[in-house]
Amino acid sequence: MKFKNIGNTNEKISEIGIGTWKMGIDINHEINAIKLGIKNGINFIDTAELYGTEYLVSKSIKNIERENVFIATKVSPHHFHYNDVIKACNNSLKNLNIKQIDLYQLHWPNYNIEISETMKAMEKLVDDGKIRYIGVSNFTLKELDGAQNAMKKYNIVSNQVEYNIITRGIEKDLLKYCEKEKITIIAYSPLARGSLFSKKYYKLYQFLDTIGKKYKKSATQTALNFIISGKNAIAIPKASSEKHVIENIGASGWKLNKRDLEQIENFLKNNKIKRNSLSDTYGPIMKRTSSIWSKLMTNKQ
Ligand SMILES: NC(=O)c1ccc[n+]([C@@H]2O[C@H](COP(=O)([O-])OP(=O)(O)OC[C@H]3O[C@@H](n4cnc5c(N)ncnc54)[C@H](OP(=O)(O)O)[C@@H]3O)[C@@H](O)[C@H]2O)c1
């Protein structure tokens, strides 16, 4: 497993992590998958107060040395008032059964609450030792800048955004900007929410399989490598089986060569493979109405 520094810190996080959204279905199975992932080099585990999986993460890391895992969770936008952020963090600490959250992220922007109020609470949480680093999620370049400027003492270390071989909107500006500013991109839905395996993208899957064979890698490993290799990005696929976790770990530690990267680019272009991110599609509404946000995040995807 290859590790990358998160943000401008010396903290190392695995370039393949585990996402836990929609886990909680076959708990023992999922916990075993997370444990196996950690045993095989993953240290980055992502959850959120909204996912209802913090307890599951807590069970997965129960007998593991605390410094061997990096726990990331998120505060929901309807909790962005100062006191609510503090309360949400305390709840997450309790659910996770840990003393300190490694990365605390704002889940989505909320235009109804002043960002300065929210960031003040985030800084207070660092000062109080309840969280180590501050991150955001689904923030555009402008929103990211606004959040950073609203803080007095600390840097934002990461922006968790949708990024996969099909959804690459962040390459327009955000990816480069974050590289320059040393803000890690945490690529969510790195397997396109599973649609990489659907009929619609079968040709792409087959093509990736052919490219991957040269490296003795699968189509899935090739798709993940495409977004993490050589970039300021890590990926957090959700995998609830041991088989999937082990396969995903194999996406790290090697690099597609320039020629193959170009071939993939050409294939995507020639076949017009492109999809808007969730944030592009729903962002303008969701950033103003957190009740719609909660509904969409809970039921829709
Ligand atoms: N910040 C945000 O707003 C936001 C939004 C969405 C997601 N996220 C984060 O990103 C994580 C991942 O995103 P996601 O859950 O949307 O989708 P994803 O990781 O792109 O895809 C998950 C799907 O891929 C399958 N899968 C995983 N590894 C596989 C493999 N090697 N071979 C075949 N299938 C495989 C999973 O099946 P199994 O479960 O059966 O293994 C699941 O059906 C989430 O869990 C969450 O932590 C964050």
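**Figure 1. Contact between helices α7 and α8 in a predicted model.** Tyr205, Leu208, Asp209, Ile211 and Gly212 of α7 meet Ala219, Gln221, Thr222 and Ala223 of α8. Contact requires C-beta atoms, placed from the backbone, to lie within 7 Å. By class, this contact has 5 nonpolar, 3 polar and 1 charged residues. Nonpolar covers Ala, Val, Leu, Ile, Met, Phe, Trp, Tyr, Cys and Pro; charged covers Asp, Glu, Lys and Arg; the others, Gly among them, are polar. The model is predicted: local features need pLDDT of at least 70, side-chain atom pairs count only at pLDDT 80 or more, and totals for chains, interfaces and linings use all residues. Residue numbers start from 1 along each chain as its sequence is written.

**Figure 2. Packing geometry of α7 and α8.** Helix α7 spans residues 202-213 and helix α8 residues 219-228. Axes are lines fitted to C-alpha atoms, for helices over the stretch in contact; angles run from 0 to 180 degrees between N-to-C directions. The two helices are therefore roughly perpendicular (65 to 115 degrees; under 35 is roughly parallel, over 145 roughly antiparallel, the rest oblique).

**Figure 3. Lys216, in the loop between α7 and α8.** Phi of Lys216 is near 60°, a positive value in a residue other than glycine. Most residues other than glycine have a negative phi. Lys216 is exposed, with 9 other C-beta atoms within 10 Å.

**Figure 4. Lys272, in the loop between α10 and α11.** Lys272 is not a glycine, yet has a positive phi of about 50°. Lys272 is exposed, with 6 other C-beta atoms within 10 Å.

**Figure 5. Shell around the ligand.** Of the 27 residues around the ligand, Gly19, Trp21, Tyr188, Leu191 and Lys238 come nearest. A residue is near a molecule or strand if its C-beta atom, placed from the backbone, lies within 6 Å of it. The shell has 9 nonpolar, 13 polar and 5 charged residues. Helix α9 (residues 242-249) gives the largest share, 3 residues. Helices (H or I, at least four residues) and strands (E, at least two) are DSSP runs, numbered from the N terminus.

Note on methods:
Contact = placed C-beta atoms within 7 Å. Buried ≥ 20, exposed ≤ 12 C-beta atoms within 10 Å, placed from the backbone.
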